[in-house]
Amino acid sequence: MKKWILLFVMLFFLTGCNTRGDFETVGDVYAPETLTPREVALVLPSDAAVQTLSSEQGKLYLCDGYSVCVQTLQGGNLEETLRQVTGYTLERLTLLETEKEGLRLYRCVWTAAGEGGDQIAQTAIIDDGNFHYAVTAMAPSESAGALSNTWQEIFQSVRLTN
């Protein structure tokens, strides 16, 4: 009799264990969510900004004595983005990481040899977790110092729109 009572109690406790029937099977259709990049909005000086080039990955603006490039790149690998934007690896750059509107913002300055001489460039990269949005300003080294206030205004105006 004790065996039957023990068996009944064990069966009673096991009845509360219910298996879920919503397992994923091979026949399930999986459609990954396609992400669309957001738009980059910025304020350029109205007296000299002319959009000269536009593609799926970005836009190039020629301004009075400097250029501004806006690019949208695949996120996830900051080092690859830096290499594409600057031509340098992460180890060769000093990167400042801050936050803007709840998103990670990376800034750096570098120099490059150009056709007309040395160039100084500054970039800001916004990381939303899916894409990297890079805004780069570049000018000849002899005039870049006079443009620092203008560039500061441009980089402060950068934001993402939906």
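**Exercise 1. Find the enclosed space and describe its lining.**

Start with the count: the structure holds one cavity of 30 Å³ or more. A cavity is a set of points on a 1 Å grid over the protein atoms alone where a 1.4 Å probe fits but cannot get out; a pocket is an open set with protein on both sides within 12 Å along at least five of seven lines; lining residues have an atom within 4 Å of a point. Grid points are joined across faces, edges and corners, and a volume is the space filled by probe spheres set on the points.

Before going on, note the source. This is a predicted model: local features need pLDDT of at least 70, side-chain atom pairs count only at pLDDT 80 or more, and totals for chains, interfaces and linings use all residues. Residues are numbered from 1 along each chain as its sequence is written, and side-chain values use heavy atoms, with hydrogens and water left out.

Step 1. Take the volume. The largest cavity holds about 40 Å³ of space.

Step 2. List the lining. Lys100, Leu105, Arg107, Ala124, Ile126, Phe155 and Val158 line the largest cavity.

Step 3. Assign elements. Strand S6 (103–114) and strand S7 (117–127) each give at least two residues to this lining. Helices (H or I, at least four residues) and strands (E, at least two) are DSSP runs, numbered from the N terminus.

Step 4. Sort by class. The lining of the largest cavity has five nonpolar, no polar and two charged residues. Here Ala, Val, Leu, Ile, Met, Phe, Trp, Tyr, Cys and Pro count as nonpolar, Asp, Glu, Lys and Arg as charged, and the others, Gly among them, as polar.

**Exercise 2. Characterise the largest pocket.**

Step 1. Volume: the largest pocket has about 200 Å³.

Step 2. Lining: 13 residues line the largest pocket, and the closest to its centre are Glu39, Val40, Gly58, Lys59 and Thr72.

Step 3. Elements: strand S1 (39–41), strand S3 (58–62) and strand S4 (67–74) each give two or more residues to this lining. S3 provides the largest share, three residues.

Step 4. Classes: the lining of the largest pocket splits into five nonpolar, four polar and four charged residues.

**Exercise 3. Work out the strand order of the open sheet.**

Step 1. Get the overall layout. The chain has four helices and nine strands. From the N terminus, the elements run α-β-β-β-β-α-β-β-β-β-α-α-β.

Step 2. Read the order. An open sheet of seven strands runs S2-S3-S4-S8-S7-S6-S5, with antiparallel pairing. Two strands pair if DSSP finds at least two bridges between them.

Step 3. Strand S2 (50–54) and strand S5 (96–100) are the edge strands, each pairing on one side only.

Step 4. From one strand to the next, it averages 25 degrees. Axes are lines fitted to C-alpha atoms, for helices over the stretch in contact, and angles run from 0 to 180 degrees between N-to-C directions.

**Exercise 4. Classify the aromatic pairs.**

Step 1. Count: the structure holds two aromatic pairs. Rings of Phe, Tyr and Trp (its six-membered ring) pair if their centres lie within 6.5 Å; planes under 30 degrees apart count as stacked, over 60 as edge-to-face and the rest as tilted.

Step 2. Tyr66 and Trp151 have ring centres 6.2 Å apart and planes at 70 degrees, so this pair is edge-to-face. The pair links distant parts of the chain: Tyr66 is in the loop between S3 and S4, Trp151 in helix H4 (residues 148–157), 85 residues apart. Tyr66 and Trp151 are buried.

Step 3. Phe131 and Tyr133 have ring centres 6.3 Å apart and planes at 50 degrees, so this pair is tilted. Phe131 and Tyr133 are both buried.

Key: Buried < 20%, exposed > 50% of the residue type's maximum accessible area, 1.4 Å probe, protein only.
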